[in-house]
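Q: I have a structure open and would like to learn how to read it. Could you walk me through its features one by one?

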Amino acid sequence: MSQVLIWLLALLALYCAYCVLWGVSSARVQAGPADFLLASRRLPAWVFGLFATGATFGAWSLLGFPSLVMRDGLQFGQLALLAVTVPMTGVLFFKRQWLLGKRHGYVTPGEMLSDYYGGDALRIMVIAIALFGALPYAGLQLAAGGSLVQWVSGGAIPAHLAMWVLTLVLMLYLCIGGLRAAAYVGSLQGLLLCSGLLALGLVALWHLGADQGFEALMQALAKLGEGPVGPWGSSAQNYNAYLASPGVMQFTAGLGKEAPVGGIWTAAMVLSTCFAFMGIQASPAFSMLAFSCRDARGFGPQQVWVSGAGMGVLLVFFAVLAGLGADFLGATAVLNAAGLSLSRVLPELAPGQEGQLYAQYLLTLAAQSPWFTALLTVCALAAIHAMVALLVTTTGTIIVRDVMLRYMTPMADAARQKFYARCAIAALLGCALLLATFAPNAQVQLGALALGLSVQLWPALAGVCWIPWITREGAGVGLVAGSFVVLITEPLGATICQFLGFDLPWGRWPWTIHSAGWGIVVNIVFCVVVSWISNDKNDRAHRQAFHRFFAATVAMPLRQRFLRPVAWSLTLVWFFFAVGPGAILGNDLLGAPNGGIAAWVGGIPSLWLWQMIWWALGVMVLWLLAYPMRMASPPGPEQMDLIRQQAPG
Amino acid sequence: MNPNDRKHRIASLERRLAVMTHWGLAGSFGMAFLLSGFNASDWTCGLLGYALLIGGFVGHVLINHFFDSGFNAGEVALGLILFGLFALVFVVTALLTPQYNRVNLGLGITGFSVMALVLALYLIIRYGTRGTWNIVHSLWYRKAGK
């Protein structure tokens, strides 16, 4: 038995014991279903901050992001700015949803939307979106965890065995402790995720050369920039596509039909992918996490400092460093063949094997420090568990409240509700496992829809929190239309069409726009038009009551309202230049990619420096929205008194 | 469970969670760096490990401050047992391992000295010089059975 395997088993045992310990400890303070389903709305701010970060950024930032930077270069690195865009959804919606949860006692977003808009259509759509998150998307994460263990253990632990055992542990502590256990364990998981990302960047730097690693990487990038070496060749501006964005938009038929020139990550693709990931915090799971908070003190710090600043520096600097570094450490065959690699520490990863990058980095430590290999594996597994735990516990609750209590057993007592929730969690994890084990291709196609569908809740949530003129019909029709468009711009739509006997004229993500981007545009258009047609005075009065409550509790004072146009203008400017069409300026504004280090400002490729600058500015924009605009700051004592007066019970 | 009792239990649970979360990170990475330091006879790694462990202790003190509590008996016992165990492992390994070199010896002595110093510093800041002396004195008397 190798040393890595021994350490891995030992640390996994410790991790599992920790999870079960907190499952049991959480169960011992449970007082009823409210505790199991929503932690009695008593989650402390710091637990929310860490858990929300772990669940938001989860495994994709650790396992997926550096791998794709390695494959596509700095044009994909632009997505490091997700650290700023993702929490913007939280800034917009968390505080107001939390307020409504306190006032009306909502447990699920389905209850909130149903109460606000009336009718059950939106409730049913929320259930569907939650299921897409909890089944295929969670299954994808679990499968990635199993594969990681298999790679790190050198095949001694098969992927399916690892996936099943780790999921059973997850099931055990979630079924015992509910959302409280998920959040309590999630606080360590969030920290382990951040440590894993930091460690990954440092390992890459260490392999590049302990003292001069960064300079060596810059020189290698400069050499790379001299020619078109790489899988994507040159961009339209005749720069190496590793170091430049391939344009604002390319009118291609979509992946699978027509390949874009110089890479897929055009400005339009980056922006629309940002929309897709912004769907994470618009998902039903995060609405419920907002409901479960004791107070609003955690929202601002989580969104601005932990996500925007903390995760931002980890993604913009360390994860990009790990991805770019891998190219020159032997992982990319094309660069090895061109004689550009600095060393061969990593094995060559063939196309499609990029997902192994994290494991391969860890294995470089196995001979000298097997405990680090094992510890960093646990970091990634913890990150996976954080996201899956949130998705599954909240979807379990949604099934209990929005399906069982609403339609099947409305008189179920406290014990029965808890029992149903436990059964739902076990069933969801069981189905995710079965899907991951026996139908991995279907799971990939279904999982791809999860983010695109979640962001379709944006207009409906915007109606609840900000815009009273959005009607039930508008929100519902928009949601259906947007979801349909997401479906037909993803592979599942093409598969369904083929099954029905015809082919779609486009592939995946036509015009280099992510399905979430297509969906949200269509959704907003339908939502606005239908709301305009269907506005009814009585319904509007009902919705307006919610907004009067906001005006009384969390609206900005009149003397500060001049900030609104300033803040929103700055936000739009930020989106335009950081992740929108303006980002194309970053290709060579700070030095042409083929100009070498001497031409680069600060000796860093222009696009990377551009990302760093806009990340820093993005944190400022987030801060402006969260605090001076009061969108994520806690209400004052007087407002809290008002909220308490209006709260049930 | 009456509401006050439950509130108190949740507060105590949250403090324990903060302590365990904090040590889960600082302890695991601190130990990993320490092991790497000894394994590769590398001062930087070893000292980084000690820095993380000391950071863990400082963080624990801050958590106690935020939750308005002190170290409980279990934590003190666990801390002393672990400190003693590590010291024992260090001495035994140093005596029995022929390839144990000066760097490893230096790392061990530096680390344990610094940790003892930090503990003494904490006691002096928390209880004052006289208070610390009284604690040591009373412990000595209890141990001696006087």
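Q: Is helix H18 (residues 458-465) of chain A enclosed or open to the outside, and how do I tell?
A: Count neighbours: a residue is buried if 20 or more other C-beta atoms lie within 10 Å of its own, exposed if 12 or fewer, and partly exposed in between, with C-beta atoms placed from the backbone. In this predicted model, 7 of the 8 residues of H18(A) are buried, so the helix is largely enclosed by the rest of the structure. Those buried residues are Trp458(A), Pro459(A), Ala460(A), Leu461(A), Gly463(A), Val464(A) and Cys465(A).

Q: What do the buried residues of H18(A) pack against?
A: Look for contacts, meaning pairs of residues whose C-beta atoms, placed from the backbone, lie within 7 Å. The partners in chain A are helix H5 (82-104), helix H6 (109-117), helix H7 (121-152), helix H19 (472-488), helix H21 (515-534) and helix H22 (537-553).

Q: How are the helices numbered, and how many are there in chain A?
A: Helices (H or I, at least four residues) and strands (E, at least two) are DSSP runs, numbered from the N terminus. Chain A has 25 helices and 0 strands. Residues are numbered from 1 along each chain as its sequence is written, while chains are lettered from A and ligands numbered from 1 in the order in which they are written. As this is a predicted model, local features need pLDDT of at least 70 and side-chain atom pairs count only at pLDDT 80 or more, whereas totals for chains, interfaces and linings use all residues.

Q: Where is confidence lowest and highest in chain A?
A: Read the pLDDT, the predictor's confidence in each residue, from 0 to 100. Its mean over chain A is 93, and 100% of the residues reach 70 or more. The lowest mean, 78, belongs to helix H25 (residues 637-646) of chain A, and the highest, 97, to helix H24 (residues 606-626) of chain A.

Q: Which radius of gyration does chain A have, and what should I compare it with?
A: The radius is taken over C-alpha atoms, and the globule rule is 2.2 Å times the number of residues to the power 0.38. For 649 residues a compact globule would come out near 26 Å; chain A has 24 Å, which agrees. Of these residues, 61% count as buried. Among contacts in chain A between residues at least 6 apart in sequence, 80% join residues at least 24 apart.

Q: How many helices does chain B have, and what share of its residues is buried?
A: Chain B has 4 helices and 0 strands. Buried residues make up 20% of its 146 residues. Its C-alpha atoms fill a box of roughly 60 × 40 × 25 Å along the principal axes.

Q: How many residues of chain A are in contact with chain B?
A: There are 17 residues of chain A in contact with 17 residues of chain B. On the chain A side, helix H1 (3-28), helix H8 (159-208) and helix H15 (370-408) each supply at least two residues. H8(A) gives the largest share, 6 residues. For the classes, Ala, Val, Leu, Ile, Met, Phe, Trp, Tyr, Cys and Pro count as nonpolar, Asp, Glu, Lys and Arg as charged, and the others, Gly among them, as polar. By that scheme, this side of chain A has 11 nonpolar, 5 polar and 1 charged residues.

Q: What is the phi of Ala39(A), and where does this residue sit?
A: Its phi is near 50°, a positive value in a residue other than glycine. Ala39(A) is in the loop between helix H2 (33-38) and helix H3 (45-72) of chain A. This residue is buried, with 31 other C-beta atoms within 10 Å.

Conventions:
Contact = placed C-beta atoms within 7 Å.
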